[in-house]
Amino acid sequence: MKFLNHLTLGQYVPADSVVHSLDPRVKITGTILLLAGVFLVGHPVSFLLWGAVCLLLAAGSRLPFGMVLGTVRPVILLIVFTSVIHLFFTAGEPVFSWKIVTVTREGIDMALRMGLRLFLLVLFAGMLTLTTSPTELSDGIEKLCSPVARLGFPAHELAMMMTIALRFIPTLLDETDRIMKAQIARGADLDRGGLLKRLRAFIPVLVPLFVIVFQRADDLATAMEARNYRGGAGRTRMRPLRWSLKDSLALATVMLLVALCVWLDRSWMV
Amino acid sequence: MSIEVNQLTHIYHPGTPLETKAVDGVSVTVDRGEWVSVVGHTGSGKSTLAQHLNGLLFPDSGSVFVDGLQVHPKSRHIRQVRQKVGLVFQYPEQQLFEETVYREIAFGPRNWGLEENEVPLRVRRAMEMVGLESDLETASPFRLSGGQKRRVAIASVLAFRPAYLVLDEPTAGLDSFGRKDLKKLLKDLQADGLGIILITHDLELALEVSDSLLVLKNGRQIIRGEPRLVMEEAIDRNLGGLVLPAMVRFMMKLRELGHDVPLTWDPAEAAEAIQLESSR
């Protein structure tokens, strides 16, 4: 029994594909554009269109579609919750009423739209992290932020913090697993009782974990300092980012696609 | 009354590219009052094996019985098993969380539902056993030294009086005094009738203290038996790169030079044999 084994959020899966080989800057801007596109449309056919785009991207990244869908699993509750809230609390023409519960036509409409939007949002964001390694991702963000970095924005520092945070997720999961086991071995009951009791039962796990996290952070800082790390100034890269024709084409395609989708949606909605 | 492990196999991440057989067909029996050491390198599967003994992991095939109770994910007596088999993890001082040493050590006994008036007795006895001064009861465990923290962690397991004690690399990071104290504590516990299972990469320590050894390599058992037998095997073939005790290597060298001395890891026995050989 490994206690924490099912986390796919933010996981990178290497593969030899077109999508993987794109410049991270394209993938980040492209994802932002796609997310904007998802929120700018409202017609059912538009959502189908975005679904098709997602399928195409998954095919282009050579990842099994089941794995892409898996990225939604951790947030499925959130999506359902949001939809339900919209379903019951949107004012409008009632279609169904029982005691104090009223469902309106507008409610059903909003619930479906918000649910689909969130679902697509997570799928697109998931595609980005599935096909881009954490190092590429933070390199990309750093490069994209470089115009504002000249104005004193700490782009390199933020990117480094992100890399470190991502790098330590698996390590911390292992530590959590170990501490949980140690406390279970001492008779801690972590999976019984109500919510409050369970939260209290996790104190013996959380306190040692915090101690370990601070210890590790301290050690890492010392190790970086010992190797003369002094921030981004003058730092070179082992694999510098290279923008190629392929990247320009990909970005242009995404831009056209989003523009087209939004335009079509506008004309359908009228 | 014993722990019986039969043909135990454990697979991590089954059905994925990361699939690995961490433990492969291992069998071992530990009686109460017996000391068994599991020796192997990093990645030999010894820690995985340890976690099966009190139901933190379950076998993919094979079986584990503790005093006749099967360790099984669906069994109702899993908590009973965990109370019978105390497990001290590697670097156990990292699991400390309470405000005082007293409360830290009382955590186990309270979890296992001991009468509240019994708790102080258990805590004091456990502190005595590991050699912690009673005035440390009110101290914060985070303010203690590394060695003291480890004692608190071990006391927190002893306080619920397990019948077996599994320790994963308990001497890691201890100085020679700490090692000696720990060895003595475990010997005393063994004399009181506890079954001791020591997980270690230190062949010398294992040879010195155990009734029986199990040597693992890549999840498979390569030798199982009494210390002397294991040492003889270890000389004959390479035991997954485990280092022979310096004393044994010294005696081997003497033999190579034509002296008739026994291969022993006990300095007293070695000295006696050398004296006898030189007077001849």
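1. Two residues are in contact if their C-beta atoms, placed from the backbone, lie within 7 Å. Helices (H or I, at least four residues) and strands (E, at least two) are DSSP runs, numbered from the N terminus. Axes are lines fitted to C-alpha atoms, for helices over the stretch in contact, and angles run from 0 to 180 degrees between N-to-C directions. With that settled, helix α8 (residues 227-236) of chain B lies across β9 (212-217) and β10 of chain B, at about 130° to β10(B).

2. The model is predicted: local features need pLDDT of at least 70, side-chain atom pairs count only at pLDDT 80 or more, and totals for chains, interfaces and linings use all residues. Residues are numbered from 1 along each chain as its sequence is written, with chains lettered from A and ligands numbered from 1 in the order written.

3. Chain B has an open, mixed sheet of 6 strands, ordered β6-β7-β8-β3-β9-β10. Strands pair if DSSP finds at least two bridges between them. β6 (85-88) and β10 (220-225) of chain B have a single partner strand each, so one side of each lacks a neighbour in the sheet. The twist averages 15° from one strand to the next.

4. Within that sheet, β7 (residues 164-168) and β8 (residues 195-200) of chain B run parallel, paired over 5 bridges. L167(B) has L198(B) in β8(B) as its bridge partner.

5. Now the chain contact. 17 residues of chain A are in contact with 21 residues of chain B. On the chain A side, α9 (155-185) and α11 (203-226) each supply at least two residues. α9(A) gives the most, with 7 residues.
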